[in-house]
Amino acid sequence: MAVTASKCLSLADFATLFGCTQQDLPETTRALIEAGDWRYEMMTGAARDRVVVDLLKRIDRREFSIVKFGDRSRWLRGWDESLNDYVAAGGDVTALVPRYIRPGVPMRLFGDFVMPASADFELRWYQVFRDWLLRSYFGNVSHIFEFGSGSGFNVAELARLYPKAEIIGLDWVEPSVEIVERLRADHGLRTKGRLFDFFEPDRQLDMPPNSAVLTIGALEQTGERNQAFLDFLIAKRPRLCVHVEPIVDWYDPESLVDHLAIRIHEARNFWHGWPRRLQALAAEGRVEIVKMKRAFVGSLLLEGYSQLIWRPIGSEVT
Ligand SMILES: C[S@@+](CC[C@H](N)C(=O)[O-])C[C@H]1O[C@@H](n2cnc3c(N)ncnc32)[C@H](O)[C@@H]1O
């Protein structure tokens, strides 16, 4: 179906969405932007109503994945499939793209619902965002720890961008760990896989001083049980912690579109609390907040790309 598209994301829009200036956009990020189709149409009238009513029905029926504490089964199944796909594709990392980035459906943009012209708009947008994010924040560290690394596709990209750094992919299910281990064996990347549970962080994990931490859509899975991981990070003193996660506190409760995201976030049992806790820790001089940026872009259900970037005080800063 052809989608009419009267709007188009510009370079300035990308910079606004990332929370940087246009000059800060690396050449590679600009090239990815130039290669993409960023046309979209605002959803209005009956079409927008249908999206809203459909989401309300899905909330009533709890028709989306919901965090159940301690239940790894969904992730075991999902990442086992990714592992099998990756092996069947002869070690092709494109087989690792997670399936929850859905093509051809409405998205959230600038606080409203839009219909992109291109079916793979969200995946392409994510590739641009990730290129900018990984190049902007991880350049000068020796070790990068991605917690909740899932299919390993971010680990593979980090290892490609930073061949001298050691990239550690950690997750609480074995297939994720195995994918990261295979990336090393198959492609000679400096990757290491390790089991890790946010609910019971392994204090034995060695985190050298010049390390950075990344989570993408992973802490969202911890509901209210994430204090142990925050304490763990503060104790380990990495140089930088970068979280790309849905942040429920940053929606506007007076907006219908945001109200739906808040209700979906709550219904899915997703995490909350860190922005306020980090602000309290910053007031006590225990952490430094580097950036808090609402995404203003996301899937139909919620904005999963908000940035929460901070460091424990006492970590080495250059
Ligand atoms: C939505 S996926 C995101 C995966 C990956 N970061 C990405 O961007 O595609 C959430 C990940 O968190 C992991 N996870 C969920 N609960 C966890 C826990 N308690 N400890 C460690 N990892 C967990 C899941 O196994 C899964 O890999």
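Which residues of helix 8 (residues 227-236) are buried? The model is a predicted one, in which local features need pLDDT of at least 70 and side-chain atom pairs count only at pLDDT 80 or more, while totals for chains, interfaces and linings use all residues. Residues are numbered from 1 along each chain as its sequence is written.

The buried residues of helix 8 are Phe229, Leu230, Phe232, Leu233 and Lys236; buried denotes 20 or more other C-beta atoms, placed from the backbone, within 10 Å of a residue's own, exposed denotes 12 or fewer, and partly exposed lies in between. They cover an arc of only 160° around the axis, which puts them on the same side of helix 8, the arc being that of the directions from the helix axis to the C-beta atoms. Gln227, Asp231 and Ala235, on the other side of helix 8, are exposed. Helices (H or I, at least four residues) and strands (E, at least two) are DSSP runs numbered from the N terminus.

Helix 3 (residues 45-61) is hardly covered, with one buried residue among its 17 residues.

| Helix | Following residue | Phi |
|---|---|---|
| Helix 3 | Arg62 | about 50° |
| Helix 8 | Arg237 | near 50° |

Around the ligand are 19 residues, of which Trp75, Gly148, Gly150, Trp172 and Ile216 come nearest; a residue counts as near if its C-beta atom, placed from the backbone, lies within 6 Å.
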